[in-house]
Amino acid sequence: MLKTKISRRSLLQLSAGGLVALGATRFATPAIAKNSKISWRMQSLWDGGTTPQKYEERFVQKVAEKTDGAFELKLFSAGQIVPPAQSFDAVRGGAFQLMKTFDGYTAGKIPAHAFISTIPFGYKNSADYAAWFYDLGGLEMARQSYMPAGLHYIAPTIYDQEPIHSKVEIKTIADFKDKKGRFTGLASTVMAGFGVAVTPLPTSEVYSALDKGLIDIADRGDLQANLDAGLAEVAKFIILPGVHQPTTATSYVANKAAFDSLPNDFQVALAEAAREISDEYQAQKTQSDASALAAFKDKGVTVIELDEADVSENRSKAAEIWRKAAKNDALANKILDSQIAQMQKLGLLA
């Protein structure tokens, strides 16, 4: 799991109708002055000490700064309160108020979540995916997907491609056929459609599975994270672009009752801090991708660039699989319709 982006400098204010522009002024704090400090618990998607977790620490700091220290988020790394797979139900039940999550984990029971996390063979850069969220109604639809569960989708962190690490040489999309691979979320469905025997292993097991030959190819995380995990030792090829995950959105999701009880200034602080972190993380990832890729090459890893025409030709096949993944779910199909319309305007689909 990470360019010039669309403009994001205006502050955002939550309202009953969604997001509206707010002048770049300091937050008014009458509710803060009258009430004692509000403290929430937040469990992250990331392990402690990792680069993504450091950005969650920055998120917590930003929220505190924007509320003059009156809104405290106590941050826990992945699994510190509950196993990551149980975060959805834990936030629903009030065990903690806020989670950073990958929506693809819940796509099995909420089909819409497949398309607000990553679209295999879809958006080629994070700015276009961000435009869908912020300019084309994506935020509102993401919130609709969580509402029945009593949860509130605050905002995404959007970043570009993750690589595929491989033990074997793969030069074309057709070469994926009959390979054994580790993928999650919608990528599992799409890559299976291209002939991959998919195994949804936990991230922690990717290294050993590649080492033992249980899988040939794997999605794991961004280049720097995978370099730190030692994948250069067990997979001598990197396949780019990461067609399984060309862009990604992780998300901040809160218990809706807890969110609704916040002063409006605190709600705004969460939304704005989230968007700032998205920009900062992508900027950092652009730099770390370059240095990590150079380090992989120094360790003897061969980087293979798939032909753009080959990827484009197979995007329409992937789109057929997207539609099947949406099933008969009205919201999932509404989301997919809007994304396909945008991709057509971008020239990604006919």
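A salt bridge is defined here as a side-chain nitrogen of Lys or Arg within 4 Å of a carboxyl oxygen of Asp or Glu. Between domain 1 and domain 2 of this predicted model, the count is 1 salt bridge. The model is a prediction in which local features need pLDDT of at least 70 and side-chain atom pairs count only at pLDDT 80 or more, while totals for chains, interfaces and linings use all residues. Residues are numbered from 1 along each chain as its sequence is written, and side-chain values use heavy atoms, with hydrogens and water left out.

**Domains and their interface**

- The protein chain is divided into domain 1 (38-161 + 246-293) and domain 2 (164-244 + 301-346), with bounds that come from an automatic or database domain assignment.
- The centres of the two domains, taken over C-alpha atoms, are separated by 22 Å.
- Contact (heavy atoms within 4.5 Å) involves 32 residues of domain 1 and 39 residues of domain 2.
- The area buried between the domains is about 3,000 Å², of which carbon and sulfur atoms give 67%; buried area is the accessible area (1.4 Å probe) that two parts lose on being put together, summed over both.
- In domain 1, Phe115, Pro120 and Phe121 lose the most area to domain 2, together 28% of what that side buries.

**Nonpolar core**

- The largest nonpolar core has 90 residues, and those with the most contacts inside it are Phe59, Phe115, Phe176, Leu270 and Trp322.
- Each of domain 1 and domain 2 supplies at least three residues to this core.
- Such a core is a set of buried Ala, Val, Leu, Ile, Met, Phe, Trp, Tyr and Cys residues joined through side-chain atoms within 4.5 Å; buried means under 20% relative accessible area, exposed over 50%, and partly exposed in between (1.4 Å probe, protein chains only).
- Leaving aside residues up to four places away in sequence, Phe176 touches several residues, including Ile164, Met191, Phe194 and Leu306.

**Salt bridges**

- A search of the whole structure finds 14 salt bridges.
- Lys100 forms a salt bridge with Glu56, with the closest N and O atoms 2.6 Å apart.
- This pair links distant parts of the chain, with Lys100 in strand S5 (residues 98-102) and Glu56 in helix H2 (residues 51-66), 44 residues apart; helices (H or I, at least four residues) and strands (E, at least two) are DSSP runs, numbered from the N terminus.
- Both Lys100 and Glu56 are buried.
- The side chains of Lys124 and Glu308 meet in a salt bridge (2.8 Å, N to O).
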